[in-house]
Amino acid sequence: MTDFQQQALTIAAQQQSPAWLAPLRSQAANEWRNVIWPTRKTEHWKYTSLASLQKTLLSLVNTSAANTDWKSEVEFIDVNAIRLVFVNGVFDAANSSNFSENIVRFSQANSAQQKIIEQYLGKVVEGSQHLFATLNSAWLDDGILVHVPRNQTLDQPIYVVQVSTLGEQTLSVNQRLLVVLEDSAQAELIEHFVSTSEQQNSVVNALAEIVVGDNAQLQHYRLNLEEENIQHIGAVHVNLLRNARFRGFTLALGSKLKRIDYQINHRGQGAELNLQGVYLPRNNQMVDYHSNVQHWVPHCTTSEVFRGIIADSAQAIFNGRIYIHKDAQKTLAELSNKNLLTSNKAEINTKPELEIYADDVKCAHGATVSQLNDTALYYLQSRGVSRNEAEVMMSFGFINELLQQIAEPAVHHYLLPRLAKLFGRDQTLLEMADE
Amino acid sequence: MSEQVEELIRKEYAAGFSTDIISETLPPGLNEDVIRFISGKKNEPDWLLEWRLKAYHAWLEMTEPEWAHVKYDDIDFQKVSFYSAPKSMDDKPKSLAEVDPELLRTYEKLGIPLHEQAALAGVAMDVVFDSVSVVTTFREKLLEVGVIFCSISEAVHKYPELVKKYIGSVVPQKDNYYAALNCAVFSDGSFVYIPKGVRCPMELSTYFRINEQNTGQFERTLIIADEGSHVSYLEGCTAPMRDENQLHAAVVELIALDNAEIKYSTVQNWYPGNEEGKGGIYNFVTKRGVCHTNAKISWTQVETGSAVTWKYPSCILRGDNSVGEFYSVALTNNYQQADTGTKMIHIGKNTRSTIISKGISAGKSSNAYRGLVRMNPGADGARNYTQCDSLLIGDKCGAHTFPYIESRNPSAVIEHEATTSKVSDDQLFLCQQRGLDAEKAVSMIVNGFCREVFKELPMEFAVEAGKLLEVSLEGSVG
């Protein structure tokens, strides 16, 4: 057992949690004890080193010490939603809205809700390779349940904010989301991770388990906007049942360690997945996106697009796997990954994978890596645009194709100025992008 | 149609028979004494024996690679015999007439009348029967222009400085498990040297056969193309039918010095095992070439045989403006498993590489493309284009793509594309409607699917490859 594993267990032992979660916690702790710690030879961690995590000294979040300094630095998405705010993993009631009956924290769940939690929690995550999901269960002191009953459509999006701030010690933050959409239900969920400009190398382990029932639809956003020292390991595990639709968008800025897994299971015929992602690491940061789409049944569709711009000495990793099981005939699956390198020291490692055991399928993937096109830059320059500006315009255009498809206008409006600032641009670019 | 399918799938392996030649074979097992015996048998200089032993000790420390998408029973290396040579070795024949007639008949059964083919196609054959070169033709003609084409054991004696300089320079002893094993026990193989500025007047060819039961064959090929030279090398393989799995771990090293060009083509049709997946060759090959400035290495392979294939012909594009190419057709049927692909390592500026891979899986087979394209920080203006297509025939087979793309240079451009689909019903219907039977139609479609690769093969090979594909595949479409 590594030091980090040992440390994590000590933290788990110090936590207080509802008694009915105890069996799940102890089972996970046992599994965690026997987890094989990934090295560079572990395929899923080939390019991502966990060395920084190993060196981190963790401590438990002090529930009483929630400060409010962060408010001046962090801006929420301006959306009419049910907002849940967590600061360093601690629920901040003052900044959160009132819950509707669809949402409850695990610690406050009534017996009916507890039943739902017990029925689904930990069931969407599969396989032994997700060791941080195991850790998340071992650390499970609380969580959020979103439950939408049959035929119901939530009239407001659910907006979960996780703020990381400067604290006295390096913290371990655990977030768990369980989303259950019953048959023909509809909902929209925004996960927003943000940090203040200064923060420690805290460890954030955020896991979402999502079940989309027959004919149900979910719009999901996961914005990872923490930067620099944060070590974020996140995962979204989704089960799609018959004719379910999942439309996802994710965006990540880099940090010291940022690893996000999307694990999607097509479990019912006719399910549809549409996933788009953007990653923008810079300085010495890194981003690692792993997506794994499993087609278990026939007649499902997957469309996945990821784009990244890697600047300075940053490193990006993308691994997009599509697995077609034996009986999943008539599958349509497409994956595209495009990367821009804007510096001599930037690095990209991408691996789009196809594993296919059915014959009547149409699957394709494509990956490209390059810098900005000289001819296009020349064209812009010949029209009187400075070189620098032309580069910004083209880089922005590269990801704007995906940003434009964001269905929730509030998210779109929130992201644009921030990304423009990232590219060192002002209002004019925004207006251009907005059109 | 399904009956035809059944019938064709049941088709016996045409090249399956074995020749009775008394061989001098070592008892199974591997230890230092075996290596000393092999080395002593060949009268090798001390440095080579030491080199082998060093590799052997490295191998003992290594473990079998497990990352490939193949499954097979553990190999007991103590049950493999590491040396066998036809008995008539001591008085080696100078011409075809002196060759053991039994041996010649073997080739005839395979449809390669050696003398005819040599004469007709102008091919010099370096025939490796099991582990020792038995006959080398056209040698004198090649020597006229200064081309050296001989067995590697001969080269060790005649051109020790060349062998010493280049052996292990591209594939180091400790490169991987099977390469280390090969370094320790390699029996024989081909050696080619093309002098400066020479364009090799004919295509060089080697036919390998694995004959002795339970005999691992460990060839080692070393091709050196000196500055400004050009050579095209053909490698083709068939093996007699055997029940037990036979091990094959070859190493091929290519060195293309400045402005040189090497074209290396392979047709591999070793015994794939029977329809229950019993028997068949285990093929674990390490092939790699290094390109110096303006040099070019082109790998073309048609892989239809072997029970398990583990093969990644690679190019290290060290010199500026060098070019690497990889064209591959890999076909698997029944219980065959293939994990094959290439590595293109771009080090020099303006280096270019092209990868075209066509995988066809039928029956219960599994066929994986695994490739690496790496752009090092110095590879300014480098370019890669990769296309991997897979065709699925039947719903019990698997087709996989695992491309690794690593770039650390912004001016390098990488494009990767992969598709997987089945033989389109529309295409089949169209062909059948024009009067072709289903089988011909499939064969035509598959041949069309592979055309991009076949056109890279030398003419004689292209014909053979097309036929091979037809035999291996025909009718497995339903």
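The contact comprises 30 residues of chain A and 28 residues of chain B, two residues being in contact if their C-beta atoms, placed from the backbone, lie within 7 Å. On the side of chain A that touches chain B, strand E18 (347–356) and strand E19 (362–370) each supply at least two residues; E18(A) gives the most, with ten residues. This side divides into 13 nonpolar, ten polar and seven charged residues (Ala, Val, Leu, Ile, Met, Phe, Trp, Tyr, Cys and Pro count as nonpolar, Asp, Glu, Lys and Arg as charged, and the others, Gly among them, as polar).

The model is predicted: local features need pLDDT of at least 70 and side-chain atom pairs count only at pLDDT 80 or more, while totals for chains, interfaces and linings use all residues. Residues are numbered from 1 along each chain as its sequence is written, and chains are lettered from A and ligands numbered from 1 in the order in which they are written.

E18(A) pairs with strand E23 (residues 398–407) of chain B in the antiparallel sense over six bridges; strands pair if DSSP finds at least two bridges between them. Leu354(A) has Thr401(B) in E23(B) as its bridge partner. Helices (H or I, at least four residues) and strands (E, at least two) are DSSP runs, numbered from the N terminus.

Within chain A, the axes of helix H6 (residues 374–382) and helix H7 (residues 387–403) come within 9 Å and cross at roughly 125° (axes are lines fitted to C-alpha atoms, for helices over the stretch in contact, and angles run from 0 to 180 degrees between N-to-C directions). H6(A) is therefore oblique to H7(A), as angles under 35 degrees count as roughly parallel, over 145 as roughly antiparallel, 65 to 115 as roughly perpendicular and the rest as oblique. Ala376(A), Leu377(A), Leu380(A) and Gln381(A) in H6(A) meet Arg387(A), Ala390(A), Glu391(A), Met393(A) and Met394(A) in H7(A). By class, this contact has six nonpolar, one polar and two charged residues.
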